[in-house]
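Dear colleague,

Please find below the structure that I am handing over to you.

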Amino acid sequence: AQLAEGAIKARVKQLNPGEWIFVSMDPSNLAHAAFGNVITRRIVDQWAPNNPVKLGTRASVVLNSKAIQAVEDYLGTKVPDGYWTKGIEVGWSRQYADMGRLTQDAVVVNSQDEYAELFKSVLQVNAQAGVTTHATHAHTKTGYQI
């Protein structure tokens, strides 16, 4: 938790309010032991009160209040209670809910047209390398996968 706190506070000093902070925590088993116990939404709010923050592992994430609000603004609705492993007060979601990917979509994809252009460019680069398929977890503003 001390490393996460230090990384977030250092990044806050480098960014403007409202800019996203992404922190990857590994190994997952140690991160999961901290999520909901030592690291919660309210604690991350204290570390970065003016920036949306996503702390994540490959399997789960903790979001602060600014990040939750950004996701809800992106979706146009409240995040369903079922997304949260221990409730919104903790702000922890496992990957089954795709919250980790959804936070990145909220930052990157502002419209279906923008997403289509992004997807097309990825396919073009992949095709040059001989890769002919691409999978994504991107969501539309209504929360459904494209």
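Is F22 buried, partly exposed or exposed? With a relative accessible area of 38%, F22 is partly exposed; buried means under 20% relative accessible area, exposed over 50%, and partly exposed in between, with a 1.4 Å probe and protein chains only.

Please note that this is a predicted model, in which local features need pLDDT of at least 70 and side-chain atom pairs count only at pLDDT 80 or more, while totals for chains, interfaces and linings use all residues. Residues are numbered from 1 along each chain as its sequence is written, and side-chain values use heavy atoms, with hydrogens and water left out.

Overall architecture

The protein contains six helices and four strands, where helices (H or I, at least four residues) and strands (E, at least two) are DSSP runs numbered from the N terminus. Read from the N terminus, the order of the elements is α-β-α-α-β-β-α-β-α-α. Of the 146 residues, 38% are buried. The accessible surface (Shrake-Rupley method, 1.4 Å probe) is about 8300 Å², and carbon and sulfur atoms account for 53% of that surface. Contacts are heavy atoms within 4.5 Å; of those between residues at least 6 apart in sequence, 59% join residues at least 24 apart.

The aromatic pair

Rings of Phe, Tyr and Trp (its six-membered ring) pair if their centres lie within 6.5 Å; planes under 30 degrees apart count as stacked, over 60 as edge-to-face and the rest as tilted. The count by this rule is one aromatic pair. The ring centres of W20 and F22 lie 5.4 Å apart and their planes meet at 15°, so this pair is stacked. W20 is buried, at 17% relative accessible area, whereas F22 is partly exposed.

The salt bridges

Two salt bridges were found in a search of the whole structure, each being a side-chain nitrogen of Lys or Arg within 4 Å of a carboxyl oxygen of Asp or Glu.

One of them joins E5 to K9, with 2.7 Å between the closest N and O atoms. Both residues belong to helix α1 (residues 2–14), where they are four residues apart, about one turn of the helix. E5 is partly exposed at 25% relative accessibility, and K9 is partly exposed at 37%.

R41 and D45 also form a salt bridge, at 3.5 Å from N to O. R41 and D45 are four residues apart in helix α3 (residues 41–47), so about one helical turn separates them. R41 is buried, with a relative accessible area of 9%, and D45 counts as buried at 19%.

Yours sincerely
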